[in-house]
Amino acid sequence: MMQPKHKSAAAKKKNMAINRPSLPIILTYSALAVAVILVMVMNYRNPISFSIFSTETISYEKGTVLAVTEESIEPADGMPGWDLGVQTLSVKMKSGVQQGEEIQIVNTLSTDHNVRVAAGQAVIIKADRPEGITPYYTVYNYDRTAGLCIVGALFVLFMVAVGRFKGLRSIGGLAVSLFFILGFLLPTIYHGYSPILMSILTAMIIALFSLILLNGFSRKTFTAIFATVAGAFLSAGFFFLISALLQLSGYNMDGTEELILVSRGTGLQLGQVMFAGVLISSIGAVMDMTMSIASSLDEMKKIHPSLPGRQLFSSGMAIGKDMIGTMCQTLVLAFVGSALPTLLVLISYGTQAGQFISSDYVAIEVVQSVAGSLAVISAVPITTCLYIMQTRREEKQEQSAPAQKFREPVASDRASL
């Protein structure tokens, strides 16, 4: 009669143990906290001080349009929804040294800068206050802070509604990725550290913390982490091979003129910057592929524990083949989609086929798309092989454990005799 109670107490104790954070999880969060602190200290002690243009007298401050006192507007020819002309605005400053004051601004609407506003609208004011000269104000843009907060909240809401706690952890992984890209990768590259080494290190950090935060400590998690790291190194190899074949470097990118000036002031290694962009743009797809393959194989192994390695490899490759096509299309179409305006401009210039194919622009897009796609494709056999190797190692450990337990009493009995 007491046995059910004993089982119930044991079950409760087991549930408490499951819900209690394990030591590896605590160590992971502690390591993440230490890494975040180190990055913040690094940026504090070594801030970005070099700038191409002097912006000491310029600030961007929030304001609210109280009234449009005068307006001379007419529709722009061939541009539906756009108006050209001049607005005279009365704006109340919401931040900066003139917070609470009311200023007058002449807002010019042109084809290059067109921010038409109305009374009550929140805007960002560009204030130029040179010493000894009357300040000059212009409407920089709409204040999108509230809109971005709403979009971010909607994104979080959908992630949590569909993914529950795992969706929340996914948001945490995304935050970690953005923090290390913006807080670690960009500053270190800007200060002259190797973009290749820094981007690989950043990819490893992102893969490690993101996948552990999302899936915890498990066989599939570590398989995906090691496969992602291997994919990062393969991406580097593919990049060097393709860029050498197409005779490309970071000096062929847009904005090279400005970055050359930066390199003279900070030691920025411009020739390697393109690789950093390729790796960071493809690391998410590589992580997606490795985690999907590892998760599928792990579920198969749980359902059929005796499934041989050869069958696991065939299944992993079959799953990967179904994902390769769509994943590579995702990478290629993402680059092409962002390039649509440029492609339209090239068409308007009457660009010839030979000129277009041999242009730096097309070569750069090919490097970005193909290097990332090859890394994604290679992730399929790498993930499958790593998972099989890990399962075999664990099976050997499980087989040797009972034999060890059996030998220990025999040894002790002989010693006692």
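By class, five nonpolar, three polar and three charged residues make up the lining of the second largest pocket. The model is predicted. This report covers that pocket and the largest one.

**The second largest pocket**

Its volume is about 300 Å³. Two elements, α7 and α11 (360-416), each give two or more residues to the lining of the second largest pocket. The lining residues are N252, M253, D254, V273, M274, G277, D360, Y361, I364, E365 and Q368.

**The largest pocket**

The largest pocket has a volume of about 520 Å³. It is lined by 22 residues, and the closest to its centre are L174, S177, S210, G284 and M287. Which elements supply at least two residues each to this lining? They are α3 (145-190), α4 (195-215) and α7 (273-303). α3 gives the most, with 11 residues. In the lining of the largest pocket, 12 residues are nonpolar, seven are polar and three are charged.

| Pocket | Volume | Lining by class | Element giving the most |
|---|---|---|---|
| Largest pocket | about 520 Å³ | 12 nonpolar, seven polar, three charged | α3, 11 residues |

α7 takes part in both places. The helix α7 (273-303) supplies at least two residues of the lining of the largest pocket, and α7 also gives two or more residues to the lining of the second largest pocket.

Terms used
Residues numbered from 1 in each chain as written. Predicted model: local features only at pLDDT ≥ 70, side-chain atom pairs only at ≥ 80, totals over all residues. Heavy atoms only, no water. 1 Å grid on protein atoms, 1.4 Å probe; cavity = no way out; pocket = protein on both sides within 12 Å on 5 of 7 lines; lining within 4 Å. Points joined across faces, edges and corners; volume = space filled by probe spheres on them. Helix = DSSP H or I, 4+ residues; strand = E, 2+ residues; numbered from the N terminus. Nonpolar A, V, L, I, M, F, W, Y, C, P; charged D, E, K, R; others polar.
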